[in-house]
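Good morning, and thank you for coming.

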Amino acid sequence: MLRIDTIKNHDRMSTQDLLLTIEEAVKAGETDFDIVASGQHDIGGPLWHPEGKTLKFHVTNAGQRVGSMCLPNTEIIVEGSTSADVGWLNAGGIITVKGDAGDTAGHCSSGGKIYIGGRAGTRTGSLMKHDPLYEEPELWVLKNVGSFSFEFMGGGRAVVCGVDSEEFSSVLGERACVGMVGGIVYFRGNISDYPEDILCLELNENDISFLKGGMNHFLNAIEKSELIAELSDWKEWKKLRPLTFEEKKPQVLPDLASFRKNDWVKGGIFSDVANDDFAVLNTVNHGIYRLRVPSWDNAKFSAPCQFFCPTGIPTQQRLSLLRQGKIDEALKLVLKYTPFPGSVCGTLCPNPCMEGCTRGSIDESIKIGELGLKSAYVEVEAPKDLTGKKVGIIGGGVAGLSAAWQLARLGHSVTVYDDASEIGGKLAQVIPHSRMPQEILKAELNRIKNIGVQFVTNCKVDNEKFNQICSKSDAVLIATGGHKARYFAWEGAEKLTFGIEFLKAINRGEKPHVGKNVVVIGGGNSGMDVATSAYEQGAENVVVVDVVKPAAFEKEIRRLEAFGGKIVWPFMTKKITDEGIFSNDDRFIAADQVIVSIGEAPILEYLPNDPSIKKFRDTWLIPSPEKQILPKVFAAGDVIKPGRLTDAIGDARLTALMMNQFLRGEKITPSLQKRIVPPENLSKKFFEKCHHCDLPDPLNEHLRCVSCGTCRDCKMCLNSCPEKAITRIENEDGSWEYISDEKKCIGCGVCAGVCPCGVWNIQDNNEEIKMYKIYEAS
């Protein structure tokens, strides 16, 4: 037997430490415990031996809830009395208290036996219950119990022997058995009263057999076997049990129709203000009387991937087409939004669409970037219907080319002017070829050319050339991006090498000067490109500094570190010297070359000196809401504000759509972004978690896509509607829609509850509310 003394050297062991000590001992195989307690709680449960052996506890000075949640094969003996909640939620243990028990003894017990060798307190036996699959709980009390005993009892048997209780008017206390719906209470002695739905009866043979069978065990357990003769006179015993359903008197329900006609209005307290038409509506209604109505809001909301994509690509629609087997259509859909699904979406973009992807909260985001690569070489036909309108676009980067792509596909004649020898902007001129596969870029540039876009390279646009372009174009777009290096007026700034010029020289095939020890100011992706390119050009040590944590993609940082490069932040540049660079707190990094790459500003000297042209910080254009800076002159991309490639593509697309309205003589109306589908509308339980090895090819990602806000035609609503109110209609073009028949629909909301995509929604029935207000006003 393991003896645990809870007070050592005047220090008392906490309840938690005691319970943990017991638990570890049980795991080690111990079965017998002698607990010298000092008021600790919850001794004795819930525990089970790893080999199923019986656990035995001998406890002195126990605190509350001794034997709480006690399990089968557990025996507890408490010397003397104990406090409240002994045997609380007992599920099979045998608990013996040789003295009195506090309040709520046996509360909620559902199994096992509790023996109390004295009195028990208030609410003893309350909420006892019996699961028919297991033995019923038993609660034996030698003397009497306090008030509210066996309150809401639902099952089991309780025995109150009434020993030494003659002075009490009731051995069950006051208001015993209130709310009792099951079980039996045996008692010996006086009781004061009991509820009307409880019967007080003489014992039958089964009752006597039960008491005979258990009395010896009880008295032996509490060491009072000498009382067996006194407690075996069964004529002194009675029992309480609740009425059965059949025994209860049927309640006479009120005649509501009579009440409403005779009492509610006529002569009633509301008769002067209430106008009742006495029409009776069923609890479950159809049509305008439904409390709620469903709506099939297919594509009403934006999926997170589309919402967080600056280009606005509806990937959920691409995957819906793939789900239908329309692979060619799916791969071409992205080309309605960008001409660079391979170069940007699949290669250079940070893919904010994937960061917002709902599937990422289940396992991993849909591989949207890889899906973009599948469209890199897809061809589209040139438009057949031409408008005859001419558009001049100044700037052959992602913004200018994206706008050219959109406008050409809308039937306009588009010419792109660029001062470089090859078209493509930073994609071709700045981003290292190691990061930008040239075969993909060339394929996508050729695709733009093949739909009729004219490229004019080596074209330096000055004010005169700008005016010429304007005079022969119906609309002009300024999209020259940012190519002028930005930097601060640091001491020694004249010693800087500009990162954008450094990268352009490398991409032209030149060998620009590079020092042995190089410091790059700027920790964005461009800064990482400069740093890794410096290594490739022969630098021995490269350090990137930034005032904040570098914003570059993690893979670009890892690439620099693979070269041996270092990143230092926070580092606020103070001055540049021939020996290196100093921070404002006088830290020094040795360098024989300092390259700055903290962003670029647009070069706009070719624009007329027109006061109507507004600029932010005298640098970036501020167009009107219609994206115009001058009559018929529009602006898009980094000439408005610096951003990512995908930001420029998205801005150019929206600008092109407004230019199309302008060219067609329509009112220019900016496109409004849809609201994101509410996350609570999506039923993610419909989708099983995939492990990494199970992730499909990008063309099969439709198997995992939640299809947020867009119907995936799973027919869950059709099969789940309890009233069969939903019908699926297939249209001639292969699309479909679901309709709810108001004559059958009861507004239960099951369709909205089971829809995994958030397409079905349920809202208050405005027609019913409107009808009620009309009636109320009358």
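Predicted model: local features only at pLDDT ≥ 70, side-chain atom pairs only at ≥ 80, totals over all residues.

Which residues does Phe-340 touch, not counting residues up to four places away in sequence? Taking contact to mean heavy atoms within 4.5 Å, Phe-340 touches Cys-345, Val-398, Leu-401, Ser-402, Leu-427, Leu-441, Glu-444, Leu-445, Ile-448 and Ile-649.

Residues are numbered from 1 along each chain as its sequence is written, and side-chain values use heavy atoms, with hydrogens and water left out.

Let us turn to the interior. In soluble globular proteins, nonpolar side chains tend to be buried together. A nonpolar core here is a set of buried Ala, Val, Leu, Ile, Met, Phe, Trp, Tyr and Cys residues joined through side-chain atoms within 4.5 Å. Buried means under 20% relative accessible area, exposed means over 50%, and partly exposed lies in between, with a 1.4 Å probe and protein chains only. The largest such core has 68 residues, and Phe-340, Ile-393, Val-414 and Leu-427 have the most contacts inside it. Helix α10 (residues 398-409) gives the most to this core, namely 8 residues. Helices (H or I, at least four residues) and strands (E, at least two) are DSSP runs, numbered from the N terminus. A second, separate core has 43 residues, including Ile-76 and Val-171.

I now come to charged side chains. Side chains of opposite charge can pair when their charged atoms come close. A salt bridge is a side-chain nitrogen of Lys or Arg within 4 Å of a carboxyl oxygen of Asp or Glu, and the structure holds 36 of them.

One involves Glu-444, a residue already named as a contact of Phe-340. Glu-444 pairs with Arg-447, with the closest N and O atoms 3.2 Å apart. The two are 3 residues apart in helix α12 (residues 438-450), so about one helical turn separates them. Both partners are buried: Glu-444 has a relative accessible area of 0%, and Arg-447 has 1%.

Asp-297 presents another case, in the loop between β14 (292-296) and α4 (304-308). Asp-297 is buried yet has no salt bridge, and the nearest side chain of opposite charge, Lys-300, is 4.2 Å away. For charge, Lys and Arg count as positive and Asp and Glu as negative, while His and the chain ends are not counted. Leaving aside neighbours within four places in sequence, Asp-297 is in contact with Gly-709, Val-759 and Asn-761.

Finally, consider a sheet. Its 5 strands form an open, parallel arrangement in the order β20-β27-β21-β22-β23; two strands pair if DSSP finds at least two bridges between them. β20 and β23 (566-568) stand at the edges with a single partner strand each, so one side of each has no neighbour in the sheet. β20 pairs with β27 (residues 593-596) over 2 bridges, and Phe-498 has Val-596 in β27 as its bridge partner.
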